[in-house]
Amino acid sequence: MYKVILIDDEKWILESLKGTVDWGAMGFEIAATAANGPEGLERILSSRPDVALVDIRMPGMNGLELIGKAKETGVSTKFVIASGYADFEYAKQALVYGAVGYCLKPFEKDDIAETMTSVKHMLDDERKAALNELMVLLLDGDDASSEPLRNSLLRAGFDWDEERGACILVMKGPRNGLFPERFGGVPLRIGSGRTAFVLQGDRRDEVIRNLQAPLPEQLSSAGLSERFYDIRRIREHIEASRVASFVEFTRGVRELGIADRGLEAPLDPEAMGMLFQAIQRKDLDAVRLGFERLESRFRAGEYDIRHARRLYRAVLTAVYPLTANHGESDPMEDDHLADAYRNVFDMMRGCMEWIAESFVHPMPDEGDGSGKANVRLIAEYIREHAQENISIQGIAKHFYLHPNYVSALLKKELQINFTKYVTELRMKRACELLRSSSLSVGDIAERSGYRDYFYFAKLFKKHTGKTPTEFRRENA
């Protein structure tokens, strides 16, 4: 909803405007009314409306003077002038002053609706541009200065207030199922189906009350950051809220995840040591005990999605050592992990199956002479599916081969490991799209195989040495 203020010195006109026009249906809510110019200016400066409908003739300060003084303060309010036929020349002058439209008195409901619909389209376009600009600032890195962030937020409808601070609510679900407009949030699309809302900090308790367990059916997940006061930390708190939103995956409960910076500790070293030693000894009972110990930590809320990913990668490397990525980023994102398994407990059962299979079926002999033929088929399959949720286990299952055998073939014939091969294919696709299209960085991330836009931006800079925006600018 956009905020509108009505300013007219005739009370009956204000009441008529409020009662006869369906402002909500047009996408507006009346934030305030005022009976003269000075009062109207005061209300504009205090409530920062998106639109002000202003009478041209008022005592104390007419509509033209009000627009001029308001513009001097730097407000972004759009002004619509109301005038009678006799004042039409004033209305034209108001357009020169920066008004975006006018309505003639006596008011006709259809005329007001037409004018306000036009203004709404204008506001929608400006807000979309501001949101895109804000996302570029955030995707380009953590060192964005406060003034550009503040300006982009203001244009997107969020007036940063150091005293109120802010909090971030990350939600996943159908777009029409996300409802934080009631909280006055600015939406940022940060991933496939995932939106981060920048909210005023003093709305945090209200969010918690409205999203008490269980989560509403239309939401897949939700995470909430702590309240913060440094505008430069927006990206940090978006990430914290995104991590918290995986609470159902990591704890098996449908509730609002609350970001907790205390969850940055490593996985239980004793349990991990027990697990690796058991794998080396081929002791499945001891493996089960190691997982049970980790499971209790997840259920107690001590671990989050980052711990689940670390565990997954650690087990993958222990069972299939040739898949070790030697510092390369893992192509499996948090969203992909959550899609592959119902929750972390299901994931651990899957890991148990890999381990049990590796005890019974050691890595097959790769000297059967079919390597070159196999690797051509595998490489072609990876190229065709690199933009999907692809994994070494999935490829191995598709070709009825052992995962270590698939990885060994890639390293032997292509001189590259699976992870790096997938990453290079995805980065090549991203570079092509940045050069040849006007798609947003988020859309390019998805088309390249990444569902987390910030993860993609970080990986792209690591791979190319440039942010996506810098690369696009230099290759335009």
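These are my notebook entries on one predicted chain.

**Ground rules**

I am working with a predicted model, where local features need pLDDT of at least 70, side-chain atom pairs count only at pLDDT 80 or more, and totals for chains, interfaces and linings use all residues. Residues are numbered from 1 along each chain as its sequence is written, and side-chain values use heavy atoms, with hydrogens and water left out.

**Entry 1: the whole chain**

I began with the secondary structure. The chain has 22 helices and 10 strands. Helices (H or I, at least four residues) and strands (E, at least two) are DSSP runs, numbered from the N terminus.

I then looked up the extent. The C-alpha atoms fill a box of roughly 95 × 50 × 35 Å, taken along the principal axes.

Next came burial. Of the 476 residues, 49% are buried. Buried means under 20% relative accessible area, exposed over 50%, and partly exposed in between (1.4 Å probe, protein chains only).

The chain exposes about 22,500 Å², and carbon and sulfur atoms supply 48% of that area. Accessible areas come from the Shrake-Rupley method with a 1.4 Å probe; for residues, only the protein chains shown count as cover.

I also checked contacts, meaning heavy atoms within 4.5 Å. Among those between residues at least 6 apart in sequence, 69% join residues at least 24 apart.

**Entry 2: the five-stranded sheet**

In what order do the 5 strands of the open sheet stand? I read E7-E8-E6-E9-E10, with mixed pairing. Strand E7 (186-191) and strand E10 (257-258) are at the edges with a single partner strand each, so one side of each has no neighbour in the sheet. Two strands pair if DSSP finds at least two bridges between them.

I followed E9 (residues 221-224) through its pairings. E6 (residues 166-172) runs antiparallel to E9, and 4 bridges join the two. Met171 stands opposite Ala222, and Lys172 has Ser221 as its bridge partner. On the E10 side, 2 bridges join E9 to E10 and the strands run parallel. There Gly223 stands opposite Gly257.

I noted the general rule for side chains. In a regular strand they alternate between the two faces of the sheet. In E9, Ser221 and Gly223 point one way and Ala222 and Leu224 the other, and all are buried.

Helix H9 (residues 234-244) lies across E6, E7, E8 (194-200), E9 and E10, at about 40° to E6. The axes are lines fitted to C-alpha atoms, for helices over the stretch in contact, and angles run from 0 to 180 degrees between N-to-C directions.

How do the axes of H13 and H15 cross? Those of H13 (residues 305-319) and H15 (residues 344-360) come within 10 Å and cross at roughly 5°. The two helices are therefore roughly parallel to each other. Angles under 35 degrees count as roughly parallel, over 145 as roughly antiparallel, 65 to 115 as roughly perpendicular and the rest as oblique.

I listed the residues in contact. H13 supplies Ala308, Leu311, Tyr312, Val315, Leu316 and Val319. H15 supplies Val344, Met347, Met348, Cys351, Trp354, Ile355 and Ser358.

Gln393 in helix H17 was my next stop. Gln393 is buried, at 13% relative accessibility. Leaving aside neighbours within four places in sequence, Gln393 contacts Tyr312, Leu316, Tyr320 and Trp354.

**Entry 3: positive phi**

Tyr400 is not a glycine, yet has a positive phi near 55°. I found Tyr400 in the loop between helix H17 (392-399) and helix H18 (403-414). Is Tyr400 buried or exposed? Tyr400 is exposed, with a relative accessible area of 77%.

Lys282 is another non-glycine residue with a positive phi, about 60°. Lys282 sits in the loop between helix H11 (269-281) and helix H12 (284-299).

**Entry 4: cysteines**

How many disulfides are there? The count comes to 0, where a disulfide is a pair of cysteine sulfur atoms within 2.5 Å. I looked up two cysteines for burial. Cys103 is buried at 3% relative accessible area. Cys431 also counts as buried, at 10%.
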